[in-house]
Amino acid sequence: MTSQRPIPIFDGHNDVLLRLSRRESADAVSAFLNGEEKGHLDLPKAHQGGFAGGLFAIFVPSPERKSAASNAPKASDSPIGNDPSPPAVDMATAQQTVFAMASLLFRIERESKGRVRVCRTTADIELCLDDDVLAAVLHIEGAEAIDENFELLDVLYEAGLRSLGPVWSRPNIFGHGVPFRCPSSPDTGPGLTDLGKALISACNRLRILIDLSHLNERGFWDVAALSDAPLVATHSNAHAISPHSRNLTDKQLAAVAESGGFVGVNFATSFLRPDGRRDKDTPLDLIVDHIAYMIDKVGEDGVGLGSDFDGAQVPSALGSAAGLQNLVEAMRERQFGKALIEKVCFRNWLHVLERTWESQATAAKLATKTKTKTRAKA
């Protein structure tokens with residue numbers, strides 16, 4: 001009797017490239033493809049848990065974190081507190097890191113012998129799902145590497161960049177990230193700069209997904225006013241359940257819903273818990289609580305998963321990507337039907353990516369058809 005194939009999961013955020021980048025180059029590729037005990041995500045763990053693909057983040061650590069231990073979490077895993085924003089990162093350092101991590105992802109693809117594929121369209125992702133190939137989408141968390149003329153943005157797009165967070169939780173030339181505070185409103189300071197607003201227009205032009213997860217509330221509303229794409233927070237939770245500054249208020253969730261947008265629920269315990277604490281004994285049901293709340297506020301077509309694997313502490317009942325079907329089972333126990341579980345696990349991500357990435361191409365095709373019909377009538 002063959003075992004049932006696990007429900008595939010497409011995930012909105014992981015930091016495995018950051019974890020792997022802290023080791024020797026050849027070892028990094030091997031560690032991902034062959035697996036290892038430490039870390040949340042590698043290819044064997046992905047296969048075990050049904051992790052079918054996701055947005056693979058490039059993150060530039062803040063200066064004081066360069067010498068951190070290889071298994072140290074990002075500040076997104078910080079305990080409850082009111083720490084000031086980390087210092088800014090200079091462009092040269094950021095570009096060096098972006099090139100190195102992008103290169104690492106491309107080497108993983110090349111040496112995987114067809115088991116991992118960097119995807120640039122939703123058709124690419126769907127083909128990976130059909131072929132049981134891990135689908136990796138290139139994402140940058142914090143735009144410190146992008147120049148004021150957006151020349152590198154064009155280059156990175158051609159290389160495969162399809163998702164960008166204008167800021168991480170620190171200031172840069174584009175805007176102000178939300179600091180890690182609990183309890184706290186996400187309204188923590190100024191929003192986008194004029195250059196940040198121009199970046200939003202540039203991303204719309206290229207159809208690069210704009211990730212709202214680390215923007216403060218004013219930055220969120222700046223994007224909402226400017227962008228013609230669905231509003232997407234790749235890895236954020238409900239502020240009504242966990243009053244962390246990184247989480248979204250009901251008013252923000254209403255704006256996401258109105259835009260036909262999307263929220264990926266984050267597994268970081270500090271963003272799940274009402275007390276904002278890091279605690280590996282956080283129950284798995286609390287993730288389901290956030291999913292259910294988001295469904296109520298955004299709609300069942302606008303909610304998915306954004307794990308923050310390898311960037312945060314997650315509940316021990318999940319453990320790593322290998323335990324993702326435990327979350328699926330928790331949704332079943334909460335009386336989520338099969339169709340809804342599939343939406344949350346992967347279908348909603350595919351739909352919002354298609355609407356974000358393909359809308360310009362679709363519009364161009366419609367314009368061409370209209371011109372053709374007009375000429376035919378003439």
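Just after helix H12, Gln335 takes a positive phi of about 70°. Helices here are DSSP runs of H or I with at least four residues, numbered from the N terminus. The model is predicted: local features need pLDDT of at least 70, side-chain atom pairs count only at pLDDT 80 or more, and totals for chains, interfaces and linings use all residues. Residues are numbered from 1 along each chain as its sequence is written, and side-chain values use heavy atoms, without hydrogens or water.

Start with H12 itself. Its buried residues are Leu324, Gln325, Leu327, Val328, Ala330 and Met331. Buried means under 20% relative accessible area, with a 1.4 Å probe and protein chains only.

Which helix does H12 (residues 324–333) pack against at about 60°? The partner is H11 (residues 285–298), and the two axes lie 10 Å apart. Axes are lines fitted to C-alpha atoms over the stretch in contact, and angles run from 0 to 180 degrees between N-to-C directions. H11 and H12 are therefore oblique to each other. Oblique covers what is left once angles under 35 degrees (roughly parallel), over 145 (roughly antiparallel) and 65 to 115 (roughly perpendicular) are taken out. H11 supplies Asp285, Ile287, Val288 and Ile291 to the contact; H12 supplies Leu327, Ala330 and Met331. Contact means heavy atoms within 4.5 Å. By type, these residues are six nonpolar, no polar and one charged. Ala, Val, Leu, Ile, Met, Phe, Trp, Tyr, Cys and Pro count as nonpolar, Asp, Glu, Lys and Arg as charged, and the others, Gly among them, as polar.

Now follow Met331. Beyond its neighbours within four places in sequence, Met331 touches Val288, Ile291, Phe336, Ile341, Val344 and Cys345. Met331 and Ile291 are also among the residues with the most contacts inside the largest nonpolar core, along with Phe32, Phe56 and Leu153. That core has 116 residues. Such a core is a set of buried Ala, Val, Leu, Ile, Met, Phe, Trp, Tyr and Cys residues joined through side-chain atoms within 4.5 Å. Helix H13 (residues 338–377) gives the most to this core, with ten residues.

H11 has another partner in H9 (residues 250–258). Their axes come within 8 Å and cross at roughly 60°, so H9 and H11 are oblique. Asp250, Leu253, Val256 and Ala257 of H9 meet Tyr293, Met294, Lys297 and Val298 of H11. This contact holds six nonpolar, no polar and two charged residues.

Conventions. Helices (H or I, at least four residues) and strands (E, at least two) are DSSP runs, numbered from the N terminus. Buried means under 20% relative accessible area, exposed over 50%, partly exposed in between (1.4 Å probe, protein chains only).
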